[in-house]
Amino acid sequence: MGGVPNFLAMTGNHKDKSITRRRALAVTGGTVAAGGLAVAGYQAAFADTAATATDAATASASASESSGCMTLMSSVTEGPYYLDGALVRKDITEGKSGVPLTLRLTVVDATDGCTPVKGAAVEIWHCDAWGYYSGYTTANPGGSAPAESEDGSTANDKTYLRGYQVAGANGVVKFETIFPGWYTPRTCHIHLKVHTGGQKEDGTYEGGKVNYTGQLFFDDEIAEEIFTLEPYSKHSGSYTTLDNDMVYDGGGASSGLLTLKAVHKKAPSKGYKGFLTVGIDPDAENTGAGSGGGGGTPPSDAPTGTPPSDAPSSSSASSSS
């Protein structure tokens, strides 16, 4: 896939949507790519990710379990579902149900012997079990799916499944989320950006630059097994496999394919742990201009209008980190 020569790789669950001021970075003809891993979100707790012994062990495991360390990963499309202003928080679920997923990502400098990038801000965002993105809940995920809210309402001021974490000295960030669902025409994926040079402010991450924009992907067999479970099974239709995805290029870990480990081998509903080492160039900046990779065809009912004015603040979210 084309793109700015940056670093990680791709995974994307998005159909392209229309944009508002808050969404301007997300869509430019539906094929915008920014340079870095992004963790988007608005509500939730302000949480530090100080390095711990567990993080150090995870960093080592991530580096050995993925082949991404020794190569820069190529940036891909940001897709149409990005929202700026995500809060720094570890748990991004906001009550969304699904198979638990713990993500452990290690950001390294691929231009300097894969040394950890301390202070790298990783931003992620992804759809829920039925293929809906917070902020874009009127977008049809394809196939047959329940309404985004079980009471039939749609609220585009929600901020679930979006967030930032800032790496400690070992370059590790961790997120608690759920296994993403799917939407037409994309395979199961998580979006991410890697930022450097900024700082935490008012519960979010400000300033600096985006070094990499990519997507994280999941093994087809694992994804398809999970999609037979509740609540995923309520979304029926044709699931796009990795081989048929418009963004994933078959490069394995260097293209964003996660290493997955089941919490309980005989009970997938208990959850998974996902690992990946993300190789970036901290001096590079990805502006999104001219980057490659498609994000999907915009749905006919894409949301329009101004962004919500009542998104939860960092203070109201701090109790849910």
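Predicted model: local features only at pLDDT ≥ 70, side-chain atom pairs only at ≥ 80, totals over all residues.
Author: Residues are numbered from 1 along each chain as its sequence is written, and side-chain values use heavy atoms, with hydrogens and water left out.

Reader: Why is Lys158 called partly exposed?

Author: Buried means under 20% relative accessible area, exposed over 50%, and partly exposed in between, with a 1.4 Å probe and protein chains only; Lys158 has 26% relative accessibility and therefore counts as partly exposed.

Reader: What makes Arg89 and Glu94 a salt bridge?

Author: The term requires a side-chain nitrogen of Lys or Arg within 4 Å of a carboxyl oxygen of Asp or Glu, and the N to O distance between the side chains of Arg89 and Glu94 is 2.9 Å, so the pair qualifies.

Reader: Which of these two partners is buried, and which is partly exposed?

Author: Arg89, with a relative accessible area of 0%, is buried, whereas Glu94, at 28%, is partly exposed.

Reader: How do you know that Asp245 and Arg186 form a salt bridge, and what does the pair tie together?

Author: Their side chains meet at 2.7 Å, N to O, which is within the 4 Å limit, so the name applies. Asp245 lies in the loop between α2 and β8 (259–262) and Arg186 in the loop between β5 and β6, so the pair ties together parts 59 residues apart in sequence; both residues are buried.

Notes
Helix = DSSP H or I, 4+ residues; strand = E, 2+ residues; numbered from the N terminus.
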